[in-house]
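Reader: I would like to go through some labels and see what backs them. Please keep it brisk.

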Amino acid sequence: MAINAPVLDMLMQTAKQLPAPRRMLCLGYPDMLVTPAHIEKRCGAEVLARVAWREDSESILRWHGLAGAMDRIAESASLFRAMGIEADFVDIVASRGFEIVLDLNQPAPADMAGRYDIVYDGGTMEHCFNVAQVMLNILDFARVGGFIVHVNPINYYNHGFFNFNPTFYHDWYAQAGNEIVSPFYAMHGPVLQSRLLPIDPVKAFAAPERSVMVVVARKARAGRPKWPTQTKYLGNAELKA
């Protein structure tokens with residue numbers, strides 16, 4: 001999983017809506033695939049000056065097919081901290097030594113509920129089979145008034161177990177009294193030149209090949225939601241042509 005320039009912009013704009021200090025939970029540790037020039041342009045020279053750089057940048061760039069396209073990678077927690085965001089990370093193993101070990105297929109510990117201003121799912125949910133439980137966990141992690149940022153595949157075949165449609169997010173959040181607070185985007189193209197294409201949340205559309213869903217929701221109320229009914233069937237409850 002990784003954060004590119006459009007997603008970093010979205011996270012930054014989301015964080016600006018929250019008072020400091022801000023606390024974020026990342027589902028997995030995201031590699032920061034943004035150039036120093038972009039960090040300086042979007043976040044400022046002061047933020048760039050406070051960023052630590054990963055010693056394994058070369059191998060990570062090779063992993064993402066970006067050898068030669070960038071010369072170094074920002075350490076994600078340090079960039080978040082420079083942006084005024086304290087980040088925790090959960091994962092199935094502590095591969096970097098600081099993750100909270102958690103299987104998102106199972107109910108999350110009660111003491112993690114309502115702790116976070118931002119929950120960032122930057123490409124983790126599709127790798128979990130028990131998607132309904134993952135969505136319950138994500139909603140539980142966020143405090144009321146907090147934000148949830150999703151970046152999940154629309155049509156990345158065999159990337160994970162699942163691909164997701166906009167109506168999945170729209171119906172889950174809206175029918176429970178929560179809010180979608182950004183447009184729905186299909187992000188596509190090379191990682192360093194990605195483009196955002198606005199798409200309809202509930203109607204049919206054609207997405208470019210290998211697109212990911214990018215959307216931001218806001219938790220507006222406490223409590224567990226009921227399972228949603230797809231919007232297309234709410235408008236045609238008798239299932240008539």
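Reader: What stands opposite D91?

Author: V101 in β5 stands opposite D91. This is a predicted model, where local features need pLDDT of at least 70, side-chain atom pairs count only at pLDDT 80 or more, and totals for chains, interfaces and linings use all residues. Residues are numbered from 1 along each chain as its sequence is written, and side-chain values use heavy atoms, with hydrogens and water left out.

Reader: What makes β4 and β5 a pair?

Author: Two strands pair if DSSP finds at least two bridges between them. Here 2 bridges join β4 to β5 (residues 100–101). So the pair meets the rule. The two strands run parallel.

Reader: How many bridges join β2 to β4?

Author: 6 bridges join β2 (residues 22–27) to β4, and these strands run parallel. M24 stands opposite A87 in β4. Strands here are DSSP runs of E, at least two residues; helices are runs of H or I, at least four; both are numbered from the N terminus.

Reader: Why is α1 called roughly parallel to α2?

Author: The axes of α1 (residues 5–15) and α2 (residues 36–43) cross at roughly 25° and come within 11 Å. Angles under 35 degrees count as roughly parallel, over 145 as roughly antiparallel, 65 to 115 as roughly perpendicular and the rest as oblique. Therefore α1 is roughly parallel to α2. Their crossing is right-handed, that is, the near helix is turned clockwise from the far one by less than a right angle.

Reader: What is the volume of the largest pocket?

Author: About 710 Å³. A pocket is an open set of points on a 1 Å grid over the protein atoms alone, where a 1.4 Å probe fits, with protein on both sides within 12 Å along at least five of seven lines. The volume is the space filled by probe spheres set on the points.

Reader: Which residues lie nearest the centre of the largest pocket?

Author: A2, Y156, H159, V191 and V212, out of 27 lining residues. Lining means an atom within 4 Å of a point. β7 (142–153) is one of the elements that supply at least two residues, and β7 gives the largest share, 3 residues. The lining divides into 14 nonpolar, 11 polar and 2 charged.

Reader: What lines the second largest pocket?

Author: 20 residues line it, with M1, G28, Y29, D91 and T124 nearest its centre. α4 (57–63) and β4 (85–91) each give two or more residues to this lining. The volume of the second largest pocket is about 400 Å³.

Note on methods
Ala, Val, Leu, Ile, Met, Phe, Trp, Tyr, Cys and Pro count as nonpolar, Asp, Glu, Lys and Arg as charged, and the others, Gly among them, as polar. Axes are lines fitted to C-alpha atoms, for helices over the stretch in contact, and angles run from 0 to 180 degrees between N-to-C directions.
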